[in-house]
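Here is a short report for a first look. Keep the 3D view open as you read.

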Amino acid sequence: MPVGSTPGAAVYSSPALESVHYGPAGELFRGTVHPVPNFNAEKDCEVLRKAMKGAGTDEAAIVAVVGHRSNDQRQQIKKMFKTMYGKDLLKELKGELSGHFRELCLALFYESTYYDAHSLREAMKGAGTREGVLIEILTTRTNEEIQSIREQYKTHIQRDLEKDVTSETSGFFRRVLISCLQANRNELNAQQMQMLKSQGVNSIIDYELAKKEANELYMAGEKKVGTDEACFIRIIGLRNIYQLRATFEEYQKIAKRDILSSIDREMSGDLRKALKTQALSAINRPLFFAKQLQKSMKGLGTNDSALIRIVVSRSEIDLENIKEEFQKNFGKSLQTWVRDDTSGDYRKLLEALLGK
């Protein structure tokens, strides 16, 4: 929903109700990957075993299985493979495959929040930190996902995520990320969710609070010399997406410019990127990811790690919404961009995940 439109207006197109589900903030989600009916883990394991046995590898058979199963089904396949053959499926795939196709296959067999934890660690270890990865993951995940990421990080990586983030970042940027790690954003409770479904968006928004906090944001930035960054961090990091949309609507009335423009004017560096990501994620999360995907493929070369991370992590959540925003904003389909920027079995598996 563009800032400036009517609060409560539809954010996504209107698919058939049975093809959508609500997230904790009330978002209407549509993924491209769904659990296959009549799932049989034993048969899938037999197919994968045959594809990797003997000379050569049948990559097409691997794509046919891996690209058309939900993450939960892949976890069952992984466990069944070890039960049937006494071998670790990920090690077998790692030994048989190579390049970006291997990276994508392995990512698909990770539990979703472990994959986020793994990506965060990769972004922070060694010399330098890839702040963009921290922003992308920590500012866009739900409370439940953040809690699970922290647990996966502690259990499997055997480190404390908050301590690592604290040591790798600084200043107000660090404060944004630490705020996200508390997994304490206001999300819709069961009663609010029911009200949203039965009475619409207006029933769950506190418009007086929206006006109050819009004024606070204005006084903390455009209205004063200097910027009260803490005010932006508090409000943008605390409210649910519908409340924030209402606040941003009120903000535009007061400031005569949208919140994203003000953040651009008032902030700099990684703090600006983090707050803009939070704000855009509240306004239109699929648009944020569509922009990230376009960024990963535009110009010379492709940022394959970013492409893989976003396609895998959003495939069962909102990748269908992301595809719509991509087409709308960049004039070509996401599938066309992927087809032009990738090749071979890597491309075929990405295409399977993207769907029609």
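## Terms and model

A polar contact is a pair of N or O atoms within 3.5 Å; within protein, one must be able to donate a hydrogen and the other to accept it, and residues adjacent in sequence count only if both atoms are side-chain atoms. This is a predicted model: local features need pLDDT of at least 70, side-chain atom pairs count only at pLDDT 80 or more, and totals for chains, interfaces and linings use all residues. Residues are numbered from 1 along each chain as its sequence is written, and side-chain values use heavy atoms, with hydrogens and water left out.

Gln75 sits in helix α3 (residues 71-85). Helices here are DSSP runs of H or I, at least four residues long, and strands are runs of E, at least two long, numbered from the N terminus. The side chains of Gln75 and Lys78 are joined by a polar contact of 3.0 Å. Gln75 also touches Phe109, Tyr110 and Glu111, leaving aside residues up to four places away in sequence. Such a contact means heavy atoms within 4.5 Å. Gln75 has a relative accessible area of 16%, so it is buried. Buried means under 20% relative accessible area, exposed over 50%, and partly exposed in between (1.4 Å probe, protein chains only).

Gln327 belongs to helix α18 (residues 319-330). Its relative accessible area is 38%, so Gln327 is partly exposed. Gln327 touches Lys332 and Ser333, again not counting residues up to four places away in sequence. From Gln327 to Arg309 is 18 residues in sequence and 20 Å in space, C-alpha to C-alpha.

## Helix α7

Why is helix α7 (residues 131-138) described as largely enclosed by the rest of the structure? Six of its eight residues are buried. They are Val133, Leu134, Ile135, Glu136, Ile137 and Leu138.

## Two positive phi angles

Most residues other than glycine have a negative phi. Asn38 has a positive phi, near 55°. Asn38 lies in the loop between β2 (28-29) and α1 (41-52). With 80% relative accessibility, Asn38 counts as exposed.

Ala183 also has a positive phi, near 50°. Ala183 lies in the loop between α10 (171-181) and α11 (190-199). Is Ala183 buried or exposed? Ala183 is buried, with a relative accessible area of 9%.

## The whole protein

The protein has 20 helices and two strands. Its C-alpha trace spans about 70 × 50 × 40 Å along the principal axes. The radius of gyration is 21 Å, which agrees with the value near 21 Å for a compact globule of 356 residues. That radius is taken over C-alpha atoms, and the globule rule is 2.2 Å times the number of residues to the power 0.38.

Of the 356 residues, 50% count as buried. Among contacts with a separation of 6 or more, 70% come from residues 24 or more positions apart. The accessible surface comes to about 16600 Å², and 47% of it belongs to carbon and sulfur atoms. Accessible areas come from the Shrake-Rupley method with a 1.4 Å probe; for residues, only the protein chains shown count as cover.
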